[in-house]
Amino acid sequence: MVSLKDITTIKLAEAIKSQQISSEQAVTYYLSNIKKYEHKNAVLEVFEDALLKAKEIDKKIKARESVGALAGVPFIIKDNMLCYGKKCTCASKFMEDFVSPYTATAVDRLLKQDAIVIARANMDEFAMGGSCEHSAFGACLNAVSDSHVSGGSSGGSAVAVALNMCSFALGSDTGGSIRQPASFNGVVGFKPSYGTVSRFGLVAFASSLDQIGPITKTIGDAEFVYSFLSGIDEHDQTTISLPISNSKISSLKGLKIGIIKQVLEIAQNTPNYSHFKKIIDVLKNCGANIQIIDMKEYDLALPAYYIIAPSEVASNLGRFDGIKYTKRAEQAKDIGSVYTLSRTEGFGEEVKRRIMLGNFCLSSGYYDAYYKNAKRVQKLLKNKFDEVFKSVDAIILPTTLGGAFKLNEKTEEPTSMWAEDMFTIFANLAELPAISIPNGKTADGMPLGVQVACKKLDDLKLLKIASLIGGVLNV
Amino acid sequence: MFSDYEVVIGLEVHAELKTKTKVFCSCKNEFGSEPNSNCCPVCVGMPGALPVLSKEAVFLTIKAGLTIGSQISPLAVFERKNYFYPDLAKAYQISQLEKPICVGGGIKLKSGKNIRINRIHLEEDAGKLIHKSEVIGTFIDYNRGGVPLIEMVTEPDISSAEEAVEFLTKYRRNLIFASVADCKMQEGGMRCDVNLSVRKKGDKKLGTRTEMKNLNSFKSVQRAITYEAKRQIEELEKGNAIRQETRKWDDNKNRSFTMRSKEEAEDYRYFPDPDLLPVRISEKTITKAKAELPELSEQKRERYVREFSLPKYDAEILTNELDTALLFEEASRLTNMPKQVSNFIMTYVLAKKKERDNLSVFDVISADNLAYIIKAISTNELTRPNALMLFDMVCFTDKDAKSEAVKSGFISKLSEAELESVVDFLIEQNAQAVKDYKLNQVKVENFFMGQLMKQTKGKADVNKGRTLINEKLQKYKN
């Protein structure tokens with residue numbers, strides 16, 4: 001009998017298809033872990049129909065009917081993705097009773113492969129935050145420590161994968177929301193190139209930066225799941241198809257890997273710098289050609305991000321107004337109070353902070369100084385990365401400043417929380433594919449990650465390079 | 001005092017495009033459906049839903065621009081206009097600000113004055129609030145939400161209510177003839193905002209302007225302009241300043257009211273919609289739109305004069321409305337008698353149309369029926385009085401004119417023998433008239449013709465009847 005503990009998605013799919021194990025057994029196993037780790041608060045709701053679906057798939061497999069590539073494989077979705085007939089709350093009180101009227105394309109593509117969605121995962125409210133403490137339904141705790149944060153915003157998804165609550169999970173990444181929690185919980189988190197996975201049915205945070213991606217145990221699994229997620233969607237005009245990979249990379253030898261000088265300067269002052277340095281040494285020993293890249297624009301990325309993202313938030317979240325599907329404040333008497341009271345009661349602090357910031361940045365008289373300039377910075381960054389990827393195959397950098405921080409450590413200081421995104425937002429602004437892979441632990445045992453990024457649409461090349469690096473790191 | 005001032009007017013005109021679907025989803029673009037029946041996650045602003053731009057809407061916008069000589073932008077951008085209102089499902093309207101689809105253009109008035117057009121952009125319409133008196137509360141119908149709307153903005157070149165109405169009439173006619181929009185005012189298919197200021201004649205500087213909203217007919221545009229110009233001049237004469245504000249026109253009270261002042265004006269926080277990529281419009285698309293653009297009113301007018309030798313006046317009447325032109329063209333094609341068709345339409349059909357509101361000439365009569373009536377008159381299959389009676393009978397109905405004529409006995413002709421016996425009978429009965437024949441042949445023949453028609457209830461063939469009467473009376477000639 002195959003052991004389910006830490007089994008990869010690829011192996012599980014094979015095992016179910018070859019009837020070494022049933023989907024029912026797999027679902028039961030993961031559900032038992034959800035129960036076991038209930039106190040982590042990684043999961044907001046278990047879908048009751050999961051076991052039933054598993055039995056159906058098992059029946060089909062037994063009857064030798066044709067089934068999809070992910071037949072019977074249980075996965076968890078972040079609670080900002082719609083799945084028809086099921087609740088979707090974005091971890092917000094405002095959306096507590098919202099039932100999805102349709103299914104998100106990314107979720108649908110997995111369901112079409114006969115994967116089974118078993119639960120929805122906790123997150124920072126409306127995906128805003130880097131600790132999963134901004135969930136209206138309580139913080140999600142770190143997979144290895146009950147006193148540390150899980151990271152965010154896809155904290156629940158990362159913890160669920162780390163603690164075997166599912167085979168893989170979907171997260172969304174607007175400024176690092178897949179990669180940072182993956183890093184904090186010792187799993188793989190992949191943010192694909194912007195546009196390669198449909199956003200249709202993903203509750204929008206910052207539309208020009210949001211991207212759905214897989215959180216998995218291995219890089220191979222990330223590639224496997226991504227192969228089903230990606231592709232043009234007629235419902236999302238920003239989707240693009242992935243070019244066919246002609247990369248012939250087979251070893252690290254001679255591979256040109258860049259390190260951004262400005263990143264290095266920040267990383268040098270962090271306690272876990274030695275971990276990052278060790279990788280560089282390993283890569284050098286493997287024959288990789290390490291290059292230092294001077295990128296003055298890098299320091300502008302964080303402020304630009306915290307203008308662009310909130311601006312889009314301010315507009316995207318206008319539809320949550322107490323009129324249609326969000327909760328209406330009980331004391332609301334007229335149209336004005338329906339809006340103000342409902343939104344005041346419905347949104348959490350972090351969400352309100354960003355809405356106000358965004359409205360300020362877009363308001364007349366400030367638009368040019370803030371939003372337009374931020375978009376200009378974004379363009380500069382994109383151009384710079386285009387240039388960089390002419391001379392290197394990939395860039396490497398730490399995923400985070402350090403390991404997961406303690407609960408409540410940063411909630412009082414929003415900007416220090418924002419600074420957590422220091423090493424991840426460049427990929428969203430420049431629309432690049434980036435992946436975080438586990439890279440050891442801090443002195444107090446908290447997982448750390450290292451990040452690799454490639455040129456836009458070089459997702460398959462990135463996954464190949466990441467797996468070579470993972471190979472020498474034993475990921 | 002009014003003659004010391006000049007009025008400066010700019011118009012913003014919204015028209016709903018005649019597309020099959022809404023502009024950002026595949027829901028039907030249809031007026032009058034069951035509330036919220038033409039809706040989907042996209043047009044009711046469900047979380048996670050994304051807009052997908054309708055190519056048809058862009059294409060029709062290009063056509064609208066071509067009718068007024070706009071430049072078509074090679075790159076158009078959609079932006080979000082953010083504001084809260086329950087009929088606006090997403091709390092933002094997808095519109096265009098900096099890079100509209102059509103730039104520039106103009107419409108020439110009869111006086112020769114050119115009214116310059118600033119732009120036409122494409123945007124989505126909002127839903128509709130329904131207030132019901134029998135229940136407390138307001139309902140929202142999102143059927144109209146997401147219907148494609150083009151907004152045309154003029155330069156401040158218009159200087160009177162009459163010019164405004166002439167301009168609007170021509171613009172509306174262009175959109176209708178180009179099959180871009182139906183512009184049914186009573187259904188809200190065309191709406192107009194008026195920006196108006198006044199200044200002392202000779203002043204270079206424009207005065208402070210007000211914006212009037214909610215003008216749903218050309219009549220209200222005319223009345224609103226007259227009212228507002230008078231109000232502003234009177235304010236200035238009293239030594240008061242004009243407040244920059246938005247005013248709402250009330251058709252029933254025949255006056256406008258302050259809606260909000262400049263200080264209360266919304267800040268729409270426009271920014272490019274990240275869900276929609278900039279639209280590239282190729283030369284090929286523009287060429288295709290040009291090729292597909294149907295003949296517009298003025299082109300038809302010129303052609304009718306040239307091809308059918310119609311008087312200019314007739315051609316103008318026939319081309320005022322698309323349906324009239326189409327009825328004329330179709331009936332002319334069927335009969336090959338354009339002049340007769342034109343006369344019949346102008347004399348009878350248009351008069352009939354005026355009897356009822358908001359109807360098309362095709363509701364009055366079909367081209368087939370009209371063609372039949374005109375042909376039947378010319379071949380004497382019907383007498384003219386019967387033809388007109390028949391026209392009255394088939395108007396506003398689905399009835400077929402020919403079968404109605406048969407049913408009513410209009411064309412069940414008398415046989416030669418029957419005709420002869422009637423003529424004989426009449427001659428026998430009217431001895432005095434027969435006697436008078438030698439004195440005035442024409443008068444007596446006409447008298448017998450009238451008697452014949454009366455006796456046969458119009459069933460007699462006019463030509464045969466006249467010939468027969470003439471033959472029979474020959475012997476009384478001397």
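How many residues does the contact take from chain B and from chain A? Chain B gives 23 residues and chain A gives 32 residues. Two residues are in contact if their C-beta atoms, placed from the backbone, lie within 7 Å. On the side of chain B that touches chain A, 15 residues are nonpolar, 3 are polar and 5 are charged. Here, Ala, Val, Leu, Ile, Met, Phe, Trp, Tyr, Cys and Pro count as nonpolar; Asp, Glu, Lys and Arg count as charged; the others, Gly among them, are polar.

A word on the ground rules. This is a predicted model: local features need pLDDT of at least 70, side-chain atom pairs count only at pLDDT 80 or more, and totals for chains, interfaces and linings use all residues. Residues are numbered from 1 along each chain as its sequence is written, and chains are lettered from A and ligands numbered from 1 in the order in which they are written.

Now chain B. Its secondary structure comes to 16 helices and 17 strands. Those are DSSP runs, numbered from the N terminus: helices are H or I with at least four residues, strands are E with at least two. Is chain B compact or spread out? Chain B is more spread out than a compact globule, because its radius of gyration is 30 Å, well over the 23 Å that the globule rule gives for 478 residues. That radius is taken over C-alpha atoms, and the rule is 2.2 Å times the number of residues to the power 0.38. Along the principal axes, the C-alpha atoms of chain B fill a box of roughly 100 × 55 × 55 Å.

Next, domains. Chain B has domain 1 (2–285), domain 2 (295–407) and domain 3 (416–476). The bounds come from an automatic or database domain assignment. Domains 2 and 3 of chain B have C-alpha centres 34 Å apart. Their contact takes 4 residues from domain 2 of chain B and 4 residues from domain 3 of chain B.

Last stop, chain A. Find the open sheet of 11 strands, with mixed pairing, in the order β1-β3-β2-β4-β6-β5-β10-β11-β9-β7-β8. Strands pair if DSSP finds at least two bridges between them. Which strands sit at the edges? They are β1 (43–46) and β8 (289–293) of chain A, each pairing on one side only. Inside chain A, β5 (residues 188–191) and β10 (residues 434–441) pair in the antiparallel sense over 3 bridges. Phe190(A) has Ile435(A) in β10(A) as its bridge partner.
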